[in-house]
Amino acid sequence: DARNCLRATTAPGMLDVFTDMDTKLEKIQKSLENYLEKKRQQFPRFYFLSSDDLLEILGQAKDPMNVQPHLKKCFEGIKKLEMHKPGTDGRRHYEATGMFSPDGEYIPFAGTCVTDGRPEDWLNKVEAAMFSTTKKILFKTLEDAKGMKKEKWVKEFPGQCIISAGQVVWTSECERSLADADTAKSALRQLKKKWISYLNKLTGLTRSRLDKIV
């Protein structure tokens, strides 16, 4: 009751106890913030996570599967990784072999990525695998844009690579058409017809039966 509360809080030395506890709590909080800051510096995408989310990841570091729910906050456009536990298909470590977009689009990594150890370490490896894989697929997308029919081309590769490669192709063809001032006008006219035809084919594709991710 009120009398017991008053007696407890006015006991001799109680203020010093509370002050000491508050000082220790501030030291603990500061040490925790410094620890999390070091982790964020080692893997900068941790800055996209709240301290509570980051602590959850670090507190369950032995199981890389626990990082999955937080990946979409670290990597825009990535929902989860294709991950495998030790013992599956003869694996000796946790491994990541691909990535999924929120729409379900899947891209396999160019090589297997081991996800054992500290999260900040293997997540850096995963990020490098993402860059390397996307670079190779984008290069392949650009190569096949030259000979493959566009209706097949847009279905063959990941959507973001199609968008990026399409912009590269369009820019290079425009520059080529403008290279010669004497023929630029007619060249641009022909290029316009070509791309309008391509856009009409894409429009036709949208009226056909497509997968969700196309």
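**Entry 1: Lys140 and Asp144**

I began with Lys140 and Asp144, whose side chains meet in a salt bridge, 3.5 Å from N to O. I note that this is a predicted model. I asked where the two residues sit relative to each other. Both belong to helix α5 (residues 119-144), and they are 4 residues apart, so about one helical turn separates them. Lys140 is partly exposed, at 40% relative accessible area. Asp144 has 17% relative accessibility and counts as buried, because the cut-off for buried is under 20%.

**Entry 2: Lys194 and Glu173**

I then turned to Lys194, which forms a salt bridge with Glu173. The closest N and O atoms are 2.7 Å apart. Which helices hold this pair? Lys194 lies in helix α8 (residues 184-206), while Glu173 lies in helix α7 (residues 159-178). The pair therefore ties together parts that are 21 residues apart in sequence. Lys194 is partly exposed, with 45% relative accessible area. Glu173 counts as buried, at 12%.

**Entry 3: Arg91 and Asp89**

I looked up one more pair. The side chains of Arg91 and Asp89 meet in a salt bridge, with 3.3 Å from N to O. Asp89 is exposed, at 72% relative accessibility.

How many salt bridges does the structure hold? I noted 10 salt bridges.

**Entry 4: helices α2 and α3**

Last, I looked at how two helices pack. Helix α2 (residues 14-42) and helix α3 (residues 51-59) pack at an angle of about 75°. Their axes are 11 Å apart. That angle makes α2 roughly perpendicular to α3, because 65 to 115 degrees counts as roughly perpendicular.

Which residues make the contact? From α2 I listed Leu32, Tyr35, Leu36, Lys39 and Arg40. From α3 I listed Ser51, Leu54, Leu55 and Leu58. By class, the contact of α2 with α3 has 6 nonpolar, 1 polar and 2 charged residues.

Methods. Residues numbered from 1 in each chain as written. Predicted model: local features only at pLDDT ≥ 70, side-chain atom pairs only at ≥ 80, totals over all residues. Heavy atoms only, no water. Salt bridge = Lys/Arg side-chain N within 4 Å of Asp/Glu carboxyl O. Buried < 20%, exposed > 50% of the residue type's maximum accessible area, 1.4 Å probe, protein only. Axes fitted to C-alpha atoms, helices over the stretch in contact; angles between N-to-C directions. Parallel < 35°, antiparallel > 145°, perpendicular 65-115°, else oblique. Contact = heavy atoms within 4.5 Å. Nonpolar A, V, L, I, M, F, W, Y, C, P; charged D, E, K, R; others polar.
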